[in-house]
Amino acid sequence: MRITDISTIKLRYPVPTPMADAIHYMPERAVLLVQVSTDDGVVGLGECAAYGGSLDSMEGVVLDDLMPSLIGEDPFQVERLWSRMARRSHQRGTAGMLMQAISGVDIALWDLIGQATRTPLYRLLGGYRDTLDAYASAGFYAGDKGPAQLAEEVGAYAERGFRTVKMKVGRNPEVMLNPLPDMWAPDYATATLEDDIERVRAARAAIGPKVRLAIDANNAWTPAVAVQFMRRVTDQDIYWLEEPVATDDLAGSADVARALDVPVAGYETATGLASFRELIARRAVDIVQPDVIWTGGITLCRKVAALAEAYGLPVIPHVFSSAVASIANMHFIAALPNAGLLEFDQNPNPLRSTLFEEPIDVQPDGTVRLPGRPGLGVTLNQATVDRYRVP
């Protein structure tokens with residue numbers, strides 16, 4: 001079996017009401033899929049995280065920089081191909097956009113291997129479990145959505161059977177050094193720290209004491225603000241605090257982790273093995289959050305997970321894009337002894353909910369089961385691809 005071609009699919013879904021986290025404004029959901037074809041007719045599917053820039057620029061890295069190193073190669077040599085992609089392009093940097101591009105190709109290679117061996121990917125990777133607990137990832141800022149609307153939203157997730165819910169905090173323009181003023185639409189749906197405290201209290205009251213509540217600040221705060229905020233909501237039984245400070249503020253994140261009883265989770269915005277090595281070794285996080293479409297693919301994320309396990313830390317991957325991101329991370333999580341919790345985006349997004357012929361369904365008890373078909377075990381829904389495809 002040899003690689004004969006690499007192609008991409010660009011998709012875009014304009015959301016009806018723009019949403020925002022602490023610093024990012026999201027009027028649309030954009031996706032770059034990767035397909036790796038072989039001379040045996042097997043086609044692997046992957047996704048590159050396309051956050052922070054255009055789909056065209058990410059497509060260019062995949063097709064212009066990475067593809068020449070892969071044509072004619074054996075897809076089973078996935079470790080060697082990963083190293084070849086990374087080393088030949090190392091002058092582009094050892095993290096960031098290069099890792100996002102490699103991620104999509106790497107996932108497609110693993111999908112190919114699973115299909116060729118007629119094995120579900122999670123079993124090929126070790127098969128620790130076949131069912132995951134899903135948590136509802138939502139609670140974004142949007143329009144004039146206030147605490148009452150947020151409470152109604154998250155309360156519905158608890159009623160559906162989710163045992164963990166995560167919401168956004170940190171869209172606070174008054175906080176010193178918050179990067180929000182330099183971001184797109186900085187005045188959209190903002191909140192004060194006091195507003196966010198009220199939002200957290202409203203969410204907790206809506207889901208009740210038995211459902212776990214996590215909060216995500218998306219790199220908006222300084223260490224002092226993060227600690228101050230958490231002390232103000234200490235009676236709300238927060239399950240974890242995600243990305244409280246800038247990703248490269250390792251010392252600050254470690255200070256927050258030491259100061260709080262609540263675990264610090266992160267950092268989805270770290271990419272490459274060295275970045276996670278430093279986060280883990282410096283005890284800047286209590287929960288490790290790579291993402292197979294962003295961090296460097298399944299190949300690299302397995303190494304991050306092993307490093308986390310060596311330090312006695314759990315892995316709860318970031319998952320926030322299309323259905324390909326969801327299913328690829330599901331297979332990764334299911335193969336790990338130190339994982340088991342799946343981030344399940346609850347915002348309306350047909351690129352997640354209708355992209356496959358086989359939907360990813362959350363059961364009434366809040367769990368998701370892995371597919372038993374080979375590779376990723378999914379089939380693209382061509383009608384959805386055609387509807388949202390962009391040239």
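These questions and answers concern a predicted model.

Me: Is the packing of helix α6 against helix α7 parallel, perpendicular or oblique?
Reply: Helix α6 covers residues 193-207 and helix α7 covers residues 223-232. Their axes lie 10 Å apart, at an angle of about 40°.

Me: What is the handedness of the crossing of α6 and α7, left-handed or right-handed?
Reply: The contact involves Leu193, Glu194, Asp196, Ile197, Val200 and Arg201 on the α6 side. On the α7 side it involves Val225, Gln228, Phe229 and Arg232. The crossing of these two helices is right-handed.

Me: How many residues of the contact of α6 with α7 are charged?
Reply: Glu194, Asp196 and Arg201 of α6 take part in the contact, as does Arg232 of α7. The contact also has 5 nonpolar residues and 1 polar residue. The number of charged residues is 4.

Me: Which elements do the buried residues of α7 pack against?
Reply: In α7, the buried residues are Val225, Ala226, Val227, Phe229 and Met230. Val225 and Phe229 also belong to the contact with α6. The packing partners of the buried residues are α6, β6 (212-216), β7 (238-242) and α8 (250-259).

Me: How many residues apart in sequence are the parts tied together by Lys10 and Glu59?
Reply: Lys10 and Glu59 form a salt bridge, with the closest N and O atoms 3.3 Å apart. Lys10 lies in strand β1 (residues 3-20) and Glu59 in helix α1 (residues 55-66), so the pair links a strand to a helix. The parts tied together are 49 residues apart in sequence.

Me: Are Lys10 and Glu59 buried or exposed?
Reply: Buried means under 20% relative accessible area. Lys10 has a relative accessibility of 8%. Glu59 has a relative accessible area of 18%. Lys10 is therefore buried, and Glu59 is also buried.

Me: Which strands does the salt bridge of Lys166 with Glu343 tie together?
Reply: The side chains of Lys166 and Glu343 meet at 3.1 Å, N to O. Both residues are buried. Lys166 lies in residues 164-168 and Glu343 in residues 341-345, so the pair ties together parts 177 residues apart in sequence: strands β5 and β10.

Me: Which residues do salt bridges that share partners join into one network?
Reply: The structure holds 21 salt bridges. One of them pairs Lys166 with Glu343. The network that includes this pair joins Lys166, Lys168, Asp216, Glu242 and Glu343.

Me: Is Tyr135 buried or exposed?
Reply: Tyr135 lies in strand β4 (residues 131-137). Beyond its neighbours within four places in sequence, Tyr135 is in contact with residues including Phe162, Trp240, Ile316 and Phe344. Lys166, Glu242 and Glu343 are also among its contacts. At 0% relative accessibility, Tyr135 counts as buried.

Me: How far apart in space are Tyr135 and Met97, C-alpha to C-alpha?
Reply: Tyr135 and Met97 are 38 residues apart in sequence. In space, C-alpha to C-alpha, the distance is 28 Å.

Key
Residues are numbered from 1 along each chain as its sequence is written. This is a predicted model: local features need pLDDT of at least 70, side-chain atom pairs count only at pLDDT 80 or more; totals for chains, interfaces and linings use all residues. Side-chain values use heavy atoms; hydrogens and water are left out. Axes are lines fitted to C-alpha atoms, for helices over the stretch in contact, and angles run from 0 to 180 degrees between N-to-C directions. Helices (H or I, at least four residues) and strands (E, at least two) are DSSP runs, numbered from the N terminus. A crossing is left-handed if the near helix is turned anticlockwise from the far one by less than a right angle, and right-handed if clockwise. Contact means heavy atoms within 4.5 Å. Ala, Val, Leu, Ile, Met, Phe, Trp, Tyr, Cys and Pro count as nonpolar, Asp, Glu, Lys and Arg as charged, and the others, Gly among them, as polar. Buried means under 20% relative accessible area, exposed over 50%, partly exposed in between (1.4 Å probe, protein chains only). A salt bridge is a side-chain nitrogen of Lys or Arg within 4 Å of a carboxyl oxygen of Asp or Glu.
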